[in-house]
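This report walks through helix packing, sheets and the chain contact. The sequence and structure come first.

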Amino acid sequence: MMFRLLKKEFALCLHPTSMIFAFFGLFVFVPNYPYEVAFFFSGLSVFFVCLTARENGDASFTCTLPVRKRDAAIARVLFCAVFQCALILVMGLAIAVKELCLPAEMQTNLAGSCANLALLGHGFVLLAGFNLIFFPWYFRNPVKVGVPFLTAAIVQFALIGVLCALRFTAPVYSDLLVSPDPANLGVKAGFFFGGLAVYLGGTLLACVLSAKHFEKTDL
Amino acid sequence: MTALNVSNLMKRYPAFVLDGVSFRVEEGRICGLVGANGAGKSTTLKGIMGLIRTEGSAEIFGIPSYEREAKAVVGYAGGGFRAYPQKRVGALANAVAPFYSAWNGEKFARYCDRFGLDPQKKTSELSEGMRVKLSLALALSHGARLLILDEPTSGLDPLSREEFCDTVLSLVREEGVAVLFSTHIVSDLTRIADDIVLLSNGRLLVEEPLRSLAEKYLAATAPDRAALSGAIGVKTVKEGYEGLVPRDRQMKGVALREPTLDEIIVHLEYERRNSGGAGAL
């Protein structure tokens with residue numbers, strides 16, 4: 001059933017920005033740029049998907065199909081997670097290409113984290129934070145998309161600000177994580193897998209809470 | 001067989017209460033759900049479809065209406081078909097089809113042909129009447145045995161309404177489906193409904209076959225109110241006062257005639273208001 005719902009999401013709810021913003025992982029080729037901003041755009045594409053769904057009367061339509069209401073909410077979270085993972089994948093590939101093809105002096109980023117494995121870990125945490133704030137709130141009332149998005153985006157930007165500030169204020173952090181790969185690869189891998197665990201746990205929790213809230217929502 | 005059994009359906013909003021509504025729709029019959037604006041028609045239908053949380057129960061062919069097995073045999077269209085205006089008819093059918101094991105693509109194509117629906121057209125390009133037909137085509141292509149339609153004729157011109165009524169009648173005859181449709185256009189009811197469920201201010205006022213309701217009352221008109229003592233829903237009219245009286249009741253000094261269904265509904269509603277909102281009559 002979940003596969004059918006995901007198929008329906010792709011057929012009826014896909015917003016072009018979801019695909020476009022997934023390619024913002026290529027930001028890592030921009031010199032001296034806070035690469036974490038790419039993860040904000042991922043949240044923006046979720047906002048557009050949910051806004052379009054509202055304008056299309058998607059929630060009511062989906063719930064009249066032979067599906068459980070809770071599954072409809074979980075499918076939406078998973079649908080958006082597909083594009084979040086696509087962003088991470090694009091960014092991961094771009095980082096690999098950058099590290100292999102560009103000279104060492106172009107690997108340094110004066111505006112924030114370098115394009116490395118730890119950046120992907122940061123990305124997972126930022127996306128998990130967005131999912132945890134946005135989706136359970138949104139599914140309390142799918143008509144109101146703006147306030148949950150604004151709140152999640154503000155928290156995301158605050159976290160991005162903290163990560164950028166750590167680049168300049170915490171030497172340990174800066175030395176270990178902001179250096180280009182393969183320096184400190186073990187620690188960076190730890191951040192990557194830690195971030196992945198946070199993302200999986202956070203998104204799973206977002207699914208559970210969204211389903212619970214959506215069950216109680218009057219459409 | 002009972003297609004739909006609604007029992008004691010309740011929903012509380014801050015300014016409105018759907019108060020224990022119960023009724024049945026039998027297979028192969030068309031049931032009109034009527035009432036004034038805000039009477040609770042859409043709330044009832046949404047409650048049946050599980051779009052809102054309600055107390056009480058609704059069973060579709062004996063299965064709780066929120067179960068997937070129950071929804072699989074229902075075709076629902078709420079407030080015209082306004083979902084996904086930029087999607088093409090064919091794309092919509094393709095997205096819906098995997099949810100129904102009984103989906104029949106050939107049948108959908110046949111209904112599109114019969115209703116004049118172009119699968120390449122966007123739903124926003126369809127007229128109100130054609131959107132209703134799209135809902136019917138989608139519903140019937142997955143073998144729906146119960147159609148629940150929320151005000152399918154509102155916004156339609158008289159010719160389209162007539163066409164809708166013809167379509168529903170022929171579908172009931174050919175497919176044996178049961179239909180529950182809400183409306184406040186009483187002429188549609190007279191045209192196709194077998195049974196009537198009248199809601200007023202969130203309460204069930206009447207549930208009975210349309211014919212027996214029509215044969216139950218006479219409209220009584222008198223120049224003074226006292227002559228209509230005991231009549232139902234007395235209200236002022238040009239000739240004085242008018243109310244409903246049971247057909248077998250003897251009355252003197254009043255003019256009696258056959259009431260229209262509209263008049264019956266209006267007088268029953270007046271009676272409810274005059275008596276301070278009592279329940280079913």
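This is a predicted model. Start in chain B, with an open sheet of four strands. Its order is β12-β13-β11-β14, and the pairing is antiparallel. β12 (232-237) and β14 (255-257) of chain B stand at the edges with a single partner strand each, so one side of each has no neighbour in the sheet. From one strand to the next, the twist averages 25°.

Inside this sheet, β11 (residues 217-222) and β13 (residues 240-246) of chain B pair in the antiparallel sense over six bridges. There, B:L218 stands opposite B:V245 of β13(B). Helix α9 (residues 261-274) of chain B packs on the sheet. α9 touches β11, β12, β13 and β14 of chain B, and its direction makes about 105° with that of β12(B).

**The β2-β1-β4-β5 sheet of chain B**

Chain B also has an open sheet of four strands in the order β2-β1-β4-β5, with antiparallel pairing. The edge strands are β2 (16-26) and β5 (63-64) of chain B, each pairing on one side only. Strand β1 (residues 2-13) of chain B is joined to β2(B) by eight bridges, and the two run antiparallel. They form a hairpin, with two residues between β1(B) and β2(B). Five bridges tie β1(B) to β4(B), again in an antiparallel run.

Which residues face each other across these strands? B:T2 has B:E26 in β2(B) as its bridge partner. For B:N5, the bridge partner in β2(B) is B:R24. On the β4(B) side, B:L4 stands opposite B:I60. Helix α1 (residues 41-49) of chain B lies across β1, β2 and β4 (55-60) of chain B, running at about 115° to β1(B).

**Helix packing in chain A**

Helix α5 (residues 69-101) of chain A packs with helix α6 (residues 117-138) of chain A and with helix α1 (residues 2-13) of chain A. The two pairs are set out below.

| Helix pair | Angle | Axis separation |
|---|---|---|
| α5(A) and α6(A) | about 165° | 11 Å |
| α1(A) and α5(A) | about 65° | 9 Å |

Take α5(A) and α6(A). Their angle is about 165°. Angles over 145 degrees count as roughly antiparallel, which makes α5(A) roughly antiparallel to α6(A). The crossing is right-handed. On the α5(A) side, the contact residues include A:R76, A:C80, A:I88 and A:M91; on the α6(A) side, they include A:L120, A:F124, A:L127 and A:Y138. By class, the residues of this contact divide into 12 nonpolar, four polar and one charged.

Now α1(A) and α5(A). α1(A) passes α5(A) in a right-handed crossing. Among the contact residues are A:L5, A:L6, A:E9 and A:F10 of α1(A), with A:D71, A:I74, A:L78 and A:F79 of α5(A). This contact has 12 nonpolar, no polar and three charged residues. A:R76 of α5(A) takes part in the contact with α6(A) and in the contact with α1(A).

**Where the chains meet**

How many residues does the contact take from each chain? Chain A gives 26 residues and chain B gives 24 residues. The area buried between chain A and chain B is about 2300 Å². Carbon and sulfur atoms give 64% of that area. In chain A, A:L12, A:T64 and A:P66 lose the most area to chain B, together 28% of what that side buries.

Note on methods
Residues numbered from 1 in each chain as written. Chains lettered and ligands numbered in written order. Predicted model: local features only at pLDDT ≥ 70, side-chain atom pairs only at ≥ 80, totals over all residues. Heavy atoms only, no water. Axes fitted to C-alpha atoms, helices over the stretch in contact; angles between N-to-C directions. Parallel < 35°, antiparallel > 145°, perpendicular 65-115°, else oblique. Left-handed = near helix turned anticlockwise from the far one by under 90°. Contact = heavy atoms within 4.5 Å. Nonpolar A, V, L, I, M, F, W, Y, C, P; charged D, E, K, R; others polar. Pairing = 2+ DSSP bridges. Buried area = accessible area lost by both parts, 1.4 Å probe.
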